[in-house]
Amino acid sequence: MNWQFPVTRTTHPKPRPEDETKLGFARYFTDHMFVIDYDEGQGWHDGRVVPHEPILIEPASCVLHYAQMMFEGMKAYRTPTGEIQLFRPEENAKRMNRTNERMCIPEVPEGLLIAGVRAVIEQDIDWMPSAPGTAMYIRPFIFGDEVSFSVLPAKHYRFMIILSPTGSYYAANDGGLSTTRIYVQDEYIRAARGGTGFAKCGGNYGGGMRASKDAMKYNCKDVLWLDAAENKYVEEIGTSNAFFRIADEVITAPLDSGTILPGITRNSVIQLLKKWGVKVTERKLSIDEIIEASKNGTLQEIFASGTAAVISPIGCLCVEGTDVPVADGKVGPVAQKLYDTLYGMQTGTVKDDMGWVYPLGLKA
Ligand code: COI
């Protein structure tokens, strides 16, 4: 389907961020946004690009009470010649519909996500950042806004896409990598078998904030979750998937429990490592095995992967208040190579021999 959307341009363009090297994560939002409505019986209708501004929402809307919503995370990148490109956006579209199915949100038809992204980027193309480590973060989200207190799927939804010129999620990484500290959470749980762990829905994150607050007490940037059944095996980090390099094997949690977010960066990391001949295994890994590897010197690297986090090396885990160092605490070679390769492909400075880059046919 060839989607076309009417555009209402803002009459009050915002000032651009002054220093692209200090964007942080999602602190600035562009001038426009994409909106499309869904009504039962009518499907998705009236897609449009409008000024980015506060929206009206009836206080009795079901999302405000029962959290029937989902979101995605994507980025657009500017190449040295000014072309704008996405990274594996069809994978976001597929994941979006897997989340929608779990959350009883109507399916988004093929092509609509990318068409909406393209339409809003076209209007805000002069907001595309180009400083090292930056990108345009894209946040698509859908929420049920039927006025109803019945605990049942809504009959009306809004799907919106907003844009934020952004640096890395972990601010210290802007323009170059550095390590962070991560808190291993052993009190609260994020996701259990049969729950919504694999889905990108707000409730997964809202429920994790208690743990993130605790992590801050230990000067940690985020939380590494353990499995709900045994409180023993590492699952994922608050914002990202987690990889552990022990004795030259790179290990990440398997997806079969349904408790792990199937990250597109996670999948890209696995494919690249396989291509490079690095041993990479999706298996259960206990926190005890990691502590032991730190003690006996075989824990070589830990890093997070995600759209927002990109590749974020971890220099130290904090387990029950005790520091578990990761090698010498510095950025490891595998994390660095992955970051250079992925961000290089995304920004067009490294050849994409995986077919992952998706040019939008727009030029900044
Ligand atoms: C992303 O990486 O795009 C995410 O959605 C993570 C977010 C919770 C910061």
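How do the residues of the lining of the largest pocket divide into nonpolar, polar and charged? They divide into 13 nonpolar, 13 polar and 7 charged, where Ala, Val, Leu, Ile, Met, Phe, Trp, Tyr, Cys and Pro count as nonpolar, Asp, Glu, Lys and Arg as charged, and the others, Gly among them, as polar.

1. Basis. This is a predicted model, in which local features need pLDDT of at least 70 and side-chain atom pairs count only at pLDDT 80 or more, while totals for chains, interfaces and linings use all residues. Residues are numbered from 1 along each chain as its sequence is written, and side-chain values use heavy atoms, with hydrogens and water left out.

2. Largest pocket. The space in the largest pocket is about 590 Å³. A pocket here is an open set of points on a 1 Å grid over the protein atoms alone, with protein on both sides within 12 Å along at least five of seven lines; a cavity is a set of points where a 1.4 Å probe fits but cannot get out, and lining residues have an atom within 4 Å of a point. Grid points are joined across faces, edges and corners, and a volume is the space filled by probe spheres set on the points. The pocket has 33 lining residues, and Tyr169, Tyr205, Gly238, Thr239 and Ser240 lie nearest its centre. Elements giving two or more residues to this lining are β6 (135–144), α4 (202–206), α5 (209–217), β9 (222–226), β11 (240–246), α6 and β14 (299–306). Helices (H or I, at least four residues) and strands (E, at least two) are DSSP runs, numbered from the N terminus. With 4 residues, α5 gives the most to the lining of the largest pocket. At least three lining residues come from each of domain 1 (20–170 + 357–363) and domain 2 (179–330); the domain bounds come from an automatic or database domain assignment.

3. Largest cavity. There are 3 cavities of 30 Å³ or more in the structure, and the largest has a volume of about 160 Å³. Its lining holds 15 residues, of which Tyr77, Phe87, Thr265, Thr307 and Gln346 lie nearest the centre. Two or more lining residues come from each of β4 (74–78), β5 (83–87), α2, α6 (264–275) and α8 (333–346), and β4 gives the most, with 3 residues. By class, this lining has 8 nonpolar, 6 polar and 1 charged residues. Domain 1 and domain 2 both give residues to the lining, so the largest cavity lies between them.

4. Second largest cavity. The volume of the second largest cavity is about 60 Å³. It is lined by 10 residues, with Gly133, Ser168, Val310, Tyr339 and Tyr343 nearest its centre. β15 (310–319) and α8 are the elements that give two or more residues to this lining. The lining residues divide into 6 nonpolar, 3 polar and 1 charged, and at least three are drawn from each of domain 1 and domain 2.

5. Aromatic pairs. Rings of Phe, Tyr and Trp (its six-membered ring) pair if their centres lie within 6.5 Å; planes under 30 degrees apart count as stacked, over 60 as edge-to-face and the rest as tilted. The count by this rule is 16 aromatic pairs. The Phe87 and Trp356 ring centres are 5.7 Å apart with planes at 80°, so this pair is edge-to-face. Phe87 is in strand β5 and Trp356 in the loop between α8 and β17 (357–363), 269 residues apart, so the pair links distant parts of the chain. Phe87 counts as buried at 9% relative accessibility, as does Trp356 at 5%; buried means under 20% relative accessible area, exposed over 50%, partly exposed in between (1.4 Å probe, protein chains only).

6. Tyr169 and Tyr170. The ring centres of Tyr169 and Tyr170 are 5.2 Å apart and their planes are at 80°, so the pair is edge-to-face. Tyr169 is partly exposed at 33% relative accessibility, whereas Tyr170 is buried at 2%.

7. Backbone. Most residues other than glycine have a negative phi. Asn219, in the loop between α5 and β9, has a positive phi of about 60° and is exposed, with a relative accessible area of 61%. Asn231, in the loop between β9 and β10 (234–237), has a positive phi near 55° and is partly exposed at 32%.
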